[in-house]
Amino acid sequence: MPEVIFPLDSSKKFEDQEKVGHNRWHPEIPPVASVKQGVSVRIDCREWFDGAIVNDDSAEDILNAPLLTVHKLSGPFAIEGAQPGDLLVVDILDVGPIPQEDSGPLAGQGWGYTGIFAKTNGGGFLTDQFPDAYKAIWDFTGQKATSRHVPNVSFNGIIHPGLMGTAPSAELLAKWNRREGDLIATDPDRVPPLALPPEPQYALLGGVSDSDFDRVAAEAARTAPPRENGGNQDIKNLTKGSRVFYPVFVDGANFSLGDLHFSQGDGEITFCGAIEMGGFIDLRFEVIKGGMDTYGVSENAIFMPGTTDPQFSEWLAFSGTSVTLDGKQHYLDSHLSYQRACLHAIDYLTKFGYSPEQAYLLLGAAPIEGRLSGVVDIPNSCSTVYLPTSIFDFDVRPSASGPFQIDPGIGAPRASAG
């Protein structure tokens, strides 16, 4: 087994571990370990809320999820020889739930969760249609996931990290804060907000000194969005066998990661749309000197997908165009057309007995494919959602006999936003 360079004890909170990670981006957060190129290492990861979400039949924990505390990231790790302008090569050798812990209170101990966040606490891709909080618990059997809250489905998870990235330089951090602050200023009272400014409350900054803590906390960027450093990209195909290339902005690259997912549909549409869990990841690092200029990779990560994805041969696909629910035409709005495709899939699944919320949770957690199918035919873009038919234990295709009626079971727990 590779050397564990960031161990986590499941009996302790993230802040009480032997090595303490962070939940903000800042170039002055010191590395917790140094890693040689070409050496395989294992890193333990805690799910992004550090145990705040529990395995029960209530959604109150999702309604009151402590968003200021996330993400709980393992790292940073200094990669020997990495300098600004280089490309950091990250190979994902293995990834999975918490080893040898098949039961317990933490997500990753044989179970995980998907949440629909309340509009007043983060929202989601379809937050206007689903303003309240809902939750689904998923149980793991090997690589297969099933749920008492979304019955009659099972699927193999495409296990992956939702968040990996390098530390920003001081200049890049200032750029983030400036442009996101300008966006917030256009509608400062919007719910959900347009962006998340630096927030010192609940900032976890690893080994930053007490004398510098308040200053760094006031500058450090939240980890919610993807940015030039990679970050919270939530790409389901970054699984075992993937190779990722990240720009390097500081000496050592100061690489961090977390937010492991047992499975996810393209878009992670409920915001907490993946099956969230803690676990482990095995990585190996290399450096391409001067790679940012050589390959023109200065503000994005590029990657080679893993080769261990479940192989689906039959799909049922739903299309959507850039027209709002009340009939207003938008110009080539692919975000809107993907929303409409998802809503069409949700509406279709309700014909079989699922509640809209169960269908929404399923689209976030199962390995659906989201695609831009047409972006040039004015005025309508066309987006599509591909749903693998084999995840259902009944025939989900249209037929002359009509839709099979499932027993929706106890349903998805709900907590009203008021």
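This is a predicted model: local features need pLDDT of at least 70, side-chain atom pairs count only at pLDDT 80 or more; totals for chains, interfaces and linings use all residues.
View 1. E369 lies in strand β21 (residues 369-374) and K236 in the loop between β14 and β15, so the pair ties together parts 133 residues apart in sequence. With 22% relative accessibility, E369 counts as partly exposed. Across the interface of domain 1 and domain 2, the rule finds one salt bridge.

**View 2. Where domain 1 meets domain 2.** The domain assignment gives domain 1 (3-304) and domain 2 (315-391). For the contact, domain 1 puts in 31 residues and domain 2 puts in 23. Together the two domains bury about 2300 Å², with 69% of that on carbon and sulfur atoms. On the domain 1 side, F125, F130 and D266 lose the most area to domain 2, together 26% of what that side buries. Elements giving two or more residues to the domain 1 side are β7 (111-116), β8 (133-141), β10 (155-156) and β17 (271-276). β8 gives the most, with four residues. By type, the residues on that side split into 15 nonpolar, 13 polar and three charged.

**View 3. Helix α6 under cover.** Nine of the 10 residues of α6 (residues 356-365) are buried, so to speak mostly covered. Among them are Y360, L361, L362 and L363. What covers the buried residues includes β7, β8, β10 and β17, along with α5 (334-350) and β22 (382-388).

**View 4. A loop-to-loop salt bridge, E80 with K36.** The closest N and O atoms of E80 and K36 are 3.6 Å apart. E80 is in the loop between β5 (74-79) and β6 (87-97), K36 in the loop between β3 (33-35) and β4 (40-45), and the two are 44 residues apart. E80 is partly exposed at 35% relative accessible area, while K36 is exposed at 52%.

**View 5. A salt-bridge network.** K13, E15, R46, D50 and K72 are linked in a network of salt bridges. The structure as a whole holds 23 salt bridges.

How values were computed: Residues are numbered from 1 along each chain as its sequence is written. Side-chain values use heavy atoms; hydrogens and water are left out. Domain bounds come from an automatic or database domain assignment. Contact means heavy atoms within 4.5 Å. Buried area is the accessible area (1.4 Å probe) that two parts lose on being put together, summed over both. A salt bridge is a side-chain nitrogen of Lys or Arg within 4 Å of a carboxyl oxygen of Asp or Glu. Ala, Val, Leu, Ile, Met, Phe, Trp, Tyr, Cys and Pro count as nonpolar, Asp, Glu, Lys and Arg as charged, and the others, Gly among them, as polar. Buried means under 20% relative accessible area, exposed over 50%, partly exposed in between (1.4 Å probe, protein chains only).
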